Amino acid sequence: MGTHPRGDAIIRDNRIPQKTLGQWIADNPACLGVKVKEAFQGHLPFLFKVLSVSTALSIQAHPNKELAAKLHAQFPEHYPDANHKPEMAIALTPFEGLCGFRPVEEIVSFLQSVPELRALIGEVAAEQLERSGSDDPRGVSAALRVCFTRLMKSEKKFFVDQLNMLVKRISQEVAEGKDTSGSNGDLLLRLHSQYPGDIGCFTIYFLNLVRLEPGEAMFLGANEPHAYLNGDCVECMACSDNTVRAGLTPKFIDVLTLCEMLNYTPAPSSSKIFPAAQSQLDPSIYLYDPPVPDFAIMRIEIPSSIKLYLVSAVDSASILLVIQGTAVGTSTAQPPMTLRRGSVLFISANESISLHLSSPDGMLLFRACCLL
């Protein structure tokens, strides 16, 4: 839902002559709001998605603006625009993802309990990470970079052999009823069943496993390694399709770029959960406002006791998505619209919509916008 050239949203309203949202905004640029129009040269600055993840999505990171421009100039077939792509995922169901590097002591623990991992990284690099002290963050990051790069650049036959040995060993331990949590066994077997022989299976020993409950979010800034593993979420991001991938994917892989660009700062998994702030003006609204100008997201939970709700005007174009509940929406500019699960509305800057709720259990909406 947005205007990226690779997926310009289709307008379903047959009274509108334009076929796509990008065409309509180009003809009506004032709809963006004065600040957004100026800051983003007349373009909608965000993309809004719903993802339903049953098979893990690739190990990846997104470049910052400087690197995005460079990659786009060099390899436009793989990096289709010159923009950065910070993104946020908000869970609709229990949701699992890998995000950011684990605390070093957790990685060291795996290096000591998973000999196949240690073999891939090599004794010198493993010992360097084990010796790196917490009082020297730059030393820790440097050692982490060496270890992860050694892993990702492993020779194919060597890592496939090690992976097969690891999967065989853990499968035997599971069959014998042993605890395999020291080898992250459950997740390894799951990923290997989805992507047999893929180097990405080993990244579970480096990256945090983050579990979100519905309504919880994670924010992924530039150069943050991540992979979505399972669950449903809404996702908002800058208007870009630039993804540097390194595993768990049949798509183009760019290991060299990924290993060079990553943020090698370890942090606990709890720090990866991004908080929402409940609005003081409207207790139905929870705002996720990440540290980038391109987008913000509102989760709007309208209780069943409210039968008339005003989606307030903001000084930005926004996209409204109905996750549950039904209502008739009215605005000054349009005749009444029936809204239900899956309905998507584009709302111009400074426009409001009245919702006349007809569902007995309230509504859940998400609204993407740009709050400059």
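Axes here are lines fitted to C-alpha atoms, for helices over the stretch in contact, and angles run from 0 to 180 degrees between N-to-C directions. Helices (H or I, at least four residues) and strands (E, at least two) are DSSP runs, numbered from the N terminus. The structure is a predicted model, in which local features need pLDDT of at least 70 and side-chain atom pairs count only at pLDDT 80 or more, while totals for chains, interfaces and linings use all residues. Residues are numbered from 1 along each chain as its sequence is written, and side-chain values use heavy atoms, with hydrogens and water left out.

**Stop 1: helix 4 and helix 6**

Select helix 4 (104-113) together with helix 6 (residues 123-131). Their axes cross at roughly 140° and come within 10 Å. The crossing is left-handed, a term used where the near helix is turned anticlockwise from the far one by less than a right angle, with right-handed for clockwise. Helix 4 contributes Val-104, Ile-107, Val-108, Leu-111 and Gln-112 to the contact, and helix 6 contributes Ala-126, Leu-129 and Glu-130; contact means heavy atoms within 4.5 Å. By class, these residues are six nonpolar, one polar and one charged. In this scheme Ala, Val, Leu, Ile, Met, Phe, Trp, Tyr, Cys and Pro count as nonpolar, Asp, Glu, Lys and Arg as charged, and the others, Gly among them, as polar.

Val-104, Ile-107, Val-108, Phe-110 and Leu-111 are its buried residues. Seen down the axis, they fall within an arc of 160°, so they line one face of helix 4. Buried means under 20% relative accessible area, exposed over 50%, and partly exposed in between (1.4 Å probe, protein chains only); the arc is that of the directions from the helix axis to the C-beta atoms. The buried residues of helix 4 pack against helix 5, helix 6 and helix 7. Glu-105 and Gln-112 are exposed on the other side of helix 4.

**Stop 2: helix 6 and helix 7**

Helix 6 passes helix 7 in a left-handed crossing. On the helix 6 side, the contact is made by Ala-125, Ala-126, Gln-128 and Leu-129, and on the helix 7 side by Val-140, Ala-143, Leu-144, Val-146, Cys-147 and Arg-150. This contact has eight nonpolar, one polar and one charged residues.

Which residues of helix 6 are buried? They are Ala-125, Ala-126 and Leu-129. These residues cover an arc of only 100° around the axis, which puts them on the same side of helix 6. An α-helix has 3.6 residues a turn, so residues three or four places apart point the same way. The cover over the buried residues of helix 6 includes helix 4, helix 5 (115-121) and helix 7. Turn to the face of helix 6 directed away from its buried side to find the exposed residues Val-124 and Arg-131.

**Stop 3: helix 8 and helix 9**

Select helix 8 (residues 156-175) and helix 9 (residues 185-194). These helices pack at about 125°, with axes 10 Å apart. That angle makes helix 8 oblique to helix 9. The crossing is left-handed. Leu-163, Asn-164, Leu-166, Val-167, Ile-170, Ser-171 and Val-174 of helix 8 meet Gly-185, Leu-188, Leu-189 and His-192 of helix 9. By class, the contact has seven nonpolar, four polar and no charged residues.

Centre the view on Val-174 in helix 8. Val-174 is partly exposed, with a relative accessible area of 41%. Not counting residues up to four places away in sequence, Val-174 touches Thr-180 and Leu-189. Its C-alpha atom is separated by 8.4 Å from that of Gly-185, 11 residues apart along the chain.

**Stop 4: two residues with positive phi**

Most residues other than glycine have a negative phi. Leu-248, in the loop between strand 8 (244-247) and helix 10 (255-261), has a positive phi near 55°. Leu-248 counts as buried at 1% relative accessibility. Move to Asn-350, in the loop between strand 17 (344-347) and strand 18 (353-357), where phi is positive and near 65°. Asn-350 is exposed, with a relative accessible area of 52%.

Technical notes: Angles under 35 degrees count as roughly parallel, over 145 as roughly antiparallel, 65 to 115 as roughly perpendicular and the rest as oblique.
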